[in-house]
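Let's take a walk through this protein together, starting with its overall fold and ending with a few local details. Keep the viewer open as you read.

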Amino acid sequence: MRQELEKGFNSDLEYCGHQFHVQTEDWGYTNPYLVSQVFQNGAIKRSIKTPYDRVLPKGAKSKTQAVRLAMKMQHEK
């Protein structure tokens, strides 16, 4: 199940009999990173921090829309 929030995405999933929570958020233009974290029992198991310039197309007409799409793609990886 994935929930879409204003600043990011949240999903709960089961893998090999274990429960995980995945959270992806946009840290904003002043701190231009997309950050995904995988939690198990409240502990961070993995964290991915991607700078905007690595995922946004050059000359994007709508940065907000491009950031949102990049964040969704990272969350669903």
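Helices (H or I, at least four residues) and strands (E, at least two) are here DSSP runs, numbered from the N terminus. This is a predicted model, in which local features need pLDDT of at least 70 and side-chain atom pairs count only at pLDDT 80 or more, while totals for chains, interfaces and linings use all residues. Residues are numbered from 1 along each chain as its sequence is written, and side-chain values use heavy atoms, with hydrogens and water left out.

With that convention, the protein chain has two helices and five strands, in the order β-β-β-β-β-α-α along the sequence. Of its 77 residues, 31% count as buried; buried means under 20% relative accessible area, exposed means over 50%, and partly exposed lies in between, with a 1.4 Å probe and protein chains only. Contact means heavy atoms within 4.5 Å. Among contacts between residues at least 6 apart in sequence, 30% join residues at least 24 apart.

Turn now to helix α2, residues 63-76. This helix has 14 residues and reaches 20 Å from its first C-alpha to its last, close to the 20 Å expected at 1.5 Å a residue; the expected span is 1.5 Å times one less than the number of residues. Its buried residues are A66, V67, A70, M71, Q74 and H75. Seen down the axis of α2, these residues fall within an arc of 165 degrees, so they line one face of the helix; the arc is that of the directions from the helix axis to the C-beta atoms. On the face of α2 turned away from its buried side you will find the exposed residues Q65, L69 and M73.

What does the largest nonpolar core consist of? It has eight residues, namely F9, L34, Y52, L56, A66, V67, A70 and M71. Helix α2 supplies the largest share of this core, four residues. A nonpolar core, in this sense, is a set of buried Ala, Val, Leu, Ile, Met, Phe, Trp, Tyr and Cys residues joined through side-chain atoms within 4.5 Å.

Y52 counts as buried, at 7% relative accessibility. Not counting residues up to four places away in sequence, Y52 touches D26, G28, Y29, P32, Y33, L34 and V67.

The aromatic rings come next. Rings of Phe, Tyr and Trp (its six-membered ring) pair if their centres lie within 6.5 Å; planes under 30 degrees apart count as stacked, over 60 as edge-to-face and the rest as tilted. The structure holds two aromatic pairs. The rings of W27 and Y33 have centres 6.5 Å apart and planes at 70 degrees, so this pair is edge-to-face. Y29 and Y52 also form an edge-to-face pair, at 5.5 Å centre to centre with 90 degrees between the planes. Y29 lies in the loop between β3 (18-26) and β4 (33-40) and Y52 in helix α1 (residues 52-55), so the pair ties together parts that are 23 residues apart in sequence. Whereas Y52 is buried, Y29 is partly exposed at 46% relative accessibility. W27 is partly exposed too, at 33%, and so is Y33, at 26%.

C16, in the loop between β2 (8-15) and β3, has a positive phi of about 50 degrees although it is not a glycine. N41, in the loop between β4 and β5, has a positive phi of about 55 degrees and is not a glycine either. C16 counts as exposed at 63% relative accessibility, and N41 counts as exposed at 78%.
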